[in-house]
Amino acid sequence: MKAFVLKEPGAVGWADVPEPELTPYGAILEPVAMAPCSSDVHTVFGGGSRKAPNLVLGHECVARVVKAGELVEDFKPGEVVAVPAITPDWRARGIQEHNFKHASAPFSGHQLGRSQPGVFSERFLIPDADTTLARIPEGISIEQALMCVDVVTTGFTGAENADIKFGDTVVVMGIGPIGLMAVAGAALKGASRILAVGERPLCVQRALEMGATEVLNYRDNDVVRQVLERTGGVGADSVIICGGGDQVFAQAVDMVRYGVGVVSNINYFGGTGSLPFPKFSGGRGMAGKTIRTELAEGGRVRIERMLDMVKYGRIHPERLVTHHLKGFDKIEQALYLMRDKPKDLIKVMVTTE
Ligand SMILES: [Zn+2]
């Protein structure tokens, strides 16, 4: 069976891999639509932790059920479903402590393309179908469903962890696909003012469509100063970090309010070492600023709730899909597109049929 794999750090390619074996609660699926993501780019080119040889990549997928295990109740062969990027093992002990993402080990909720073969494969296994696969409501397009499995839920996780209240001023740093959904999420959570930080013209346009009230370009001036100038010197109620290098963490602390401000991070900081914490704007350790760091919410119920947000017209994530390639083999080209980010690209989708 053919799959797109990580051969060694920095090198990808095609490999013949073993067919997945069906488990009683599991399902074997074949991709209908796939999307490479910036985190696949980090996995391949970013020098992350050691991975198994010929690890099958990919965690964003809409797929057809090929076979369902004998104990699967809700899904039948032929059904097309959304496959969440984050697939917690709901039987892990830590789940009963509400530790959904790191229940049995750090990042144990992120299995596809990491600790288990990913979705860029002719077929793949989801070990627990009923708790993982999300049913796609009628009227939802493949693009929309595909964006819900990771981009929407991740951006919304950033907005949820920012504790946004009606009337808040929220800064969203980075307006790639995740940042754009964080903008949409902040608007839905009741922010009055959303300052988005970015510069690519198409992303700027989308940010304004999705609820940003202003877009700041970090090249114009120090972005911290731009936020402080616009908030009478007090800073934003919350800052959602959705992109950028190590410097964005300190900037976020600098630009959030004393006492009640929240920094919500969903950005991936590659490499090792430490992020600098600014002593002065951090109140020398006493500023009362909250810092949250999170991985996206996943699992079946979460993704079905995201799909409902699309169904009832609250969000339009299909606007993020700027490129559509046809054919399973195109996943390689799509990954390089995500790495090289041409000007007109936000998100690329690959369909197999
Ligand atoms: Zn992803």
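1. The crossing of helices α6 and α7 is right-handed; a crossing counts as right-handed if the near helix is turned clockwise from the far one by less than a right angle, and as left-handed if anticlockwise. Helix α6 covers residues 223–230 and helix α7 residues 247–255; they pack at an angle of about 15°, with their axes 9 Å apart. The axes are lines fitted to C-alpha atoms, for helices over the stretch in contact, and angles run from 0 to 180 degrees between N-to-C directions. That angle makes α6 roughly parallel to α7, where under 35 degrees counts as roughly parallel, over 145 as roughly antiparallel, 65 to 115 as roughly perpendicular and the rest as oblique. On the α6 side the contact is made by Val223, Val224, Val227 and Leu228, and on the α7 side by Gln251, Asp254 and Met255. Residues are in contact here if their C-beta atoms, placed from the backbone, lie within 7 Å. The contact of α6 with α7 comprises five nonpolar, one polar and one charged residues, with Ala, Val, Leu, Ile, Met, Phe, Trp, Tyr, Cys and Pro counted as nonpolar, Asp, Glu, Lys and Arg as charged, and the others, Gly among them, as polar.

2. The model is predicted: local features need pLDDT of at least 70, side-chain atom pairs count only at pLDDT 80 or more, and totals for chains, interfaces and linings use all residues. Residue numbers start from 1 along each chain as its sequence is written.

3. Regarding overall composition, the protein has nine helices and 16 strands. These are DSSP runs numbered from the N terminus, helices being H or I of at least four residues and strands E of at least two. The radius of gyration is 20 Å, close to the 20 Å from the globule rule for 353 residues, so the protein is as compact as a globular protein of that length. The radius is taken over C-alpha atoms, and the rule is 2.2 Å times the number of residues to the power 0.38. Along the principal axes, the C-alpha atoms fill a box of roughly 60 × 45 × 40 Å.

4. Six strands form an open sheet with parallel pairing, in the order β11-β10-β9-β12-β13-β14. Its edge strands, β11 (214–216) and β14 (290–293), each pair on one side only. Two strands pair if DSSP finds at least two bridges between them. Direction ignored, neighbouring strands of this sheet are turned by 20° against each other on average. Within the sheet, five bridges join β9 (residues 169–173) to β10 (residues 193–197), and Thr169 stands opposite Arg193 in β10.

5. Helix α4 (residues 177–189) lies across β9, β10 and β12 (238–241), and runs at about 170° to β9. Helix α4 also packs with α3 at an angle of about 55°, the axes being 7 Å apart. That makes α3 oblique to α4, and the crossing is right-handed. Contributors to the contact include Val151, Val152 and Phe156 of α3, together with Ile178, Leu180, Met181 and Lys189 of α4. By class, this contact has eleven nonpolar, five polar and one charged residues.

6. Helix α3 (residues 142–161) has a further contact with helix α8 (residues 300–311): the axes come within 9 Å and cross at roughly 120°. That makes α3 oblique to α8, again with a right-handed crossing. The contact is made by Gln144, Ala145, Cys148, Val149, Val152 and Thr153 of α3 and by Arg302, Ile303, Met306, Leu307 and Val310 of α8. Eight of these residues are nonpolar, two polar and one charged.

7. Another open sheet consists of three strands in the order β2-β1-β4, with antiparallel pairing. Strands β2 (11–16) and β4 (55–56) stand at its edges with a single partner strand each, so one side of each lacks a neighbour in the sheet. Two bridges join β1 (residues 2–8) to β4, and Leu6 stands opposite Leu55 in β4.

Note on methods. Two residues are in contact if their C-beta atoms, placed from the backbone, lie within 7 Å.
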